[in-house]
Amino acid sequence: MKDLAPIALFVYNRPKETAGLLESLKKNKLAKESLLFIFSDAPKSPGQAEKVKETRAILNKLSGFKNIEIFESRENNGLAHSVISGVSKIIDRYGKVIVLEDDLVLANDFLEYMNEALDLYEKNDSIWTVTGYGPPIEIDSNYKYDVYLSYRGCSWGWGTWKDRWEKHDWYLSDYHEFISSPNLVEKFKKGGSDLLEMLKLQKIGKLDSWAIRSCYSQARKNMYTVYPVKSKLQNIGFGETSTHCTSSGSKYKTELYENKLNLTDDLNLNDSITYEFKKYYDLDLIGKIGYFLKKHNLYKYFKWTKTYLRK
């Protein structure tokens with residue numbers, strides 16, 4: 001491997017989940033050789049202050065990495081601003097990064113997989129990001145690789161490089177050109193029909209998500225994300241302590257794969273996987289209603305809609 005990618009971790013007010021994520025991260029044998037940068041957001045309201053304090057107490061006792069640097073914000077920035085500014089800070093310095101949030105549980109070779117992927121695909125100009133999350137979609141038993149390409153990026157345990165990060169259009173500057181082109185819209189929806197609804201909410205100020213803007217930039221640049229066939233992480237960030245989703249999140253649960261995945265640079269889009277991936281993220285009728293309610297400020301009266309409004 002080349003120099004290991006630094007790790008950027010974003011935490012807020014979930015001490016239990018943060019402790020679990022750090023425990024699984026420390027079990028990775030590359031942890032002791034890795035630089036860890038932690039961005040802790042300030043409470044949005046007085047009611048969040050104690051949980052933020054508990055989370056920061058965990059961070060300040062942390063060891064087990066080559067070096068740990070903690071950034072404790074004095075103001076609440078929100079996740080989108082925190083990720084954009086934090087990743088920019090680290091990637092400007094090191095040229096690549098692995099990004100985590102506090103609601104993940106990692107396989108014991110997650111760092112090996114991610115560093116190998118970042119090394120292998122660095123020179124591949126068609127790759128936008130790599131991720132450790134493998135959604136539980138149906139994959140043909142005849143598919144011979146351990147990874148595949150998708151039109152859609154993932155915000156759960158991912159990595160990228162400086163030259164890709166600098167291509168983001170955080171302001172959606174060509175949105176009007178995009179939304180007036182049926183061909184561009186349909187292409188964007190190849191990653192799942194929920195992408196378009198999230199993008200519309202972002203544009204009208206009903207959503208503040210770095211992830212949907214990243215997916216949009218990826219689509220506009222005609223680039224792909226590398227996914228593992230078997231997941232190297234689990235997301236446990238669903239429930240009452242979640243900022244964006246109070247549902248059980250059962251749809252997104254995966255088995256944690258602890259064995260080695262073999263990477264290949266001989267990747268092309270697979271029609272069958274692309275179809276199953278899109279189907280997995282496409283909105284059903286209830287999901288469409290949920291986004292309609294969000295758009296018209298009615299979603300708060302229907303708790304179940306948060307199942308779909310998870311970004």
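Lys-251 lies over the face of Tyr-280, 4.9 Å from the centre of the ring. The model is predicted.

**Aromatic residues**

- Tyr-280 belongs to an aromatic cluster, together with Tyr-133, Tyr-148, Trp-156, Tyr-227, Tyr-252, Phe-277 and Tyr-281.
- Another ring of that cluster, Tyr-281, has Arg-152 over its face, at 4.0 Å from the ring centre.
- The structure holds 20 aromatic pairs.
- Trp-158 and Trp-165 are stacked, because their ring centres are 6.0 Å apart and their planes are at 25°. The cut-off for stacked is under 30 degrees between planes.
- Both Trp-158 and Trp-165 are buried.
- Phe-178 and Phe-188 also pair, but edge-to-face, with 5.5 Å from centre to centre and 90° between the planes.
- This pair links distant parts of the chain: Phe-178 sits in helix α6 (residues 175-179) and Phe-188 in helix α7 (residues 182-188), 10 residues apart.
- Why does Phe-178 count as buried? Its relative accessible area is 1%, and buried means under 20%.
- Phe-188 is buried too, with a relative accessible area of 3%.

**The nonpolar core**

- How many residues does the largest nonpolar core have? It has 48.
- Leu-36, Tyr-121 and Val-130 have the most contacts inside this core.
- Helix α4 (residues 110-120) supplies the largest share of the core, 6 residues.
- Leu-36 is in contact with Ile-7, Leu-9, Leu-22, Leu-25, Leu-62, Phe-65, Asn-67, Ile-68 and Glu-69, leaving aside neighbours within four places in sequence.

- Five residues of helix α11 (residues 285-295) are named as buried: Gly-287, Gly-290, Tyr-291, Leu-293 and Lys-294.
- Why are they on the same side of α11? They cover an arc of only 160° around the axis.
- Leu-285 and Lys-288 are exposed, on the other side of α11.
- Helix α8 (194-203) is included in what covers the buried residues of α11.
- Which residue caps the N-terminal end of α11? That is Asp-284, with a side-chain oxygen 3.3 Å from the backbone nitrogen of Ile-286.
- Asn-297 follows α11, and its phi is positive, near 60°.

**Asp-109, a buried loop residue**

- Asp-109 is in the loop between β5 (104-106) and α4.
- Is Asp-109 buried or exposed? Asp-109 is buried, because its relative accessible area is 10%.
- The side chain of Asp-109 makes a polar contact with the side chain of Lys-232, at 2.8 Å.
- Not counting residues up to four places away in sequence, Asp-109 touches Asn-28, Lys-232, Tyr-257, Glu-258, Asn-259 and Lys-260.

**Lys-221, a partly exposed loop residue**

- Lys-221 is found in the loop between α9 (210-220) and β9 (224-228).
- Lys-221 is partly exposed, with a relative accessible area of 42%.
- Lys-221 touches Trp-128 and Lys-167, not counting residues up to four places away in sequence.
- Where is Lys-221 relative to Lys-260? The two are 39 residues apart in sequence and 31 Å apart in space, C-alpha to C-alpha.

Technical notes. Residues are numbered from 1 along each chain as its sequence is written. This is a predicted model: local features need pLDDT of at least 70, side-chain atom pairs count only at pLDDT 80 or more; totals for chains, interfaces and linings use all residues. Side-chain values use heavy atoms; hydrogens and water are left out. A nonpolar core is a set of buried Ala, Val, Leu, Ile, Met, Phe, Trp, Tyr and Cys residues joined through side-chain atoms within 4.5 Å. Buried means under 20% relative accessible area, exposed over 50%, partly exposed in between (1.4 Å probe, protein chains only). Helices (H or I, at least four residues) and strands (E, at least two) are DSSP runs, numbered from the N terminus. Contact means heavy atoms within 4.5 Å. The arc is that of the directions from the helix axis to the C-beta atoms. A polar contact is a pair of N or O atoms within 3.5 Å; within protein, one must be able to donate a hydrogen and the other to accept it, and residues adjacent in sequence count only if both atoms are side-chain atoms. Rings of Phe, Tyr and Trp (its six-membered ring) pair if their centres lie within 6.5 Å; planes under 30 degrees apart count as stacked, over 60 as edge-to-face and the rest as tilted. A charge sits over a ring if NZ of Lys or CZ of Arg is within 6 Å of the ring centre and within 35 degrees of the ring normal.
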